[in-house]
Amino acid sequence: MAKRQNSHLNMGDALNEFIKENKLQKGIDKVDAKAAWASLMGNGVNNYTAQVELRNETLFVSLTSSVLRQELSMGKSKIIAMLNEELGKDLVKKLILR
C-alpha cells in the first residue's frame with residue numbers, strides 16, 4: 001500500500017492520480033465512448049443500437065436495423081470526428097457497424 005502524502009491535493013488531481021496508478025484509463029475510455037455514442041445519436045438511433053464496444057481504437061456498434069446501418073455507413077468519417085470531439089481526444093480511429 002502506498003504511503004500517505006502529507007501535501008494537500010484537490011479532488012480532481014487525486015482521482016487522476018488514482019486512475020493512472022491503477023491503469024484504469026482504458027476502462028474509462030470504453031465507458032466514455034459508449035456514453036458519447038448515446039448522447040450524439042439520440043433516441044432514434046439508440047432504439048436500434050444493440051451494443052457499443054470500444055476495442056483498440058475501433059468502435060464496434062451492433063444495430064438491429066439494416067437500413068439504419070446502411071445510412072450511418074455513408075457518414076462514418078463524420079461520425080468518428082463528432083465522437084472524438086465529444087470525447088475531447090482522438091480516441092476512435094475506426095467505426096465498424098454490424
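Is Asp 90 buried or exposed? I looked this up and found Asp 90 exposed, with a relative accessible area of 53%. I call a residue exposed over 50% relative accessible area, buried under 20% and partly exposed in between (1.4 Å probe, protein chains only).

Entry 1, ground rules. I am working from a predicted model, where local features need pLDDT of at least 70, side-chain atom pairs count only at pLDDT 80 or more, and totals for chains, interfaces and linings use all residues. Residues are numbered from 1 along each chain as its sequence is written, and side-chain values use heavy atoms, with hydrogens and water left out.

I searched the whole structure and got 3 salt bridges, each defined as a side-chain nitrogen of Lys or Arg within 4 Å of a carboxyl oxygen of Asp or Glu. Asp 90 pairs with Lys 93, with 2.8 Å between the closest N and O atoms. Lys 93 is partly exposed at 45%. I also noted Arg 55 with Glu 53, at 3.1 Å between the closest N and O atoms. Arg 55 is partly exposed at 36%, and Glu 53 is partly exposed at 27%.

Asp 29 is in helix α2 (residues 25–46) and Lys 89 is in the loop between α4 (76–87) and β3 (94–97), so the pair ties together parts 60 residues apart in sequence. Asp 29 is buried at 9%, whereas Lys 89 is partly exposed at 37%. Helices (H or I, at least four residues) and strands (E, at least two) are DSSP runs, numbered from the N terminus.

I read an open sheet of 3 strands in the order β1-β2-β3, with mixed pairing; two strands pair if DSSP finds at least two bridges between them. β1 (49–55) and β3 are at the edges with a single partner strand each, so one side of each has no neighbour in the sheet. The twist averages 15 degrees from one strand to the next. β2 and β3 run parallel and are joined by 4 bridges. Val 61 is opposite Leu 97 in β3.

I located Ser 62 in strand β2 (residues 58–63), and Ser 62 is buried at 16% relative accessibility. Ala 50 is 12 residues from Ser 62 in sequence, with 5.3 Å from C-alpha to C-alpha.

Methods
Axes are lines fitted to C-alpha atoms, for helices over the stretch in contact, and angles run from 0 to 180 degrees between N-to-C directions.
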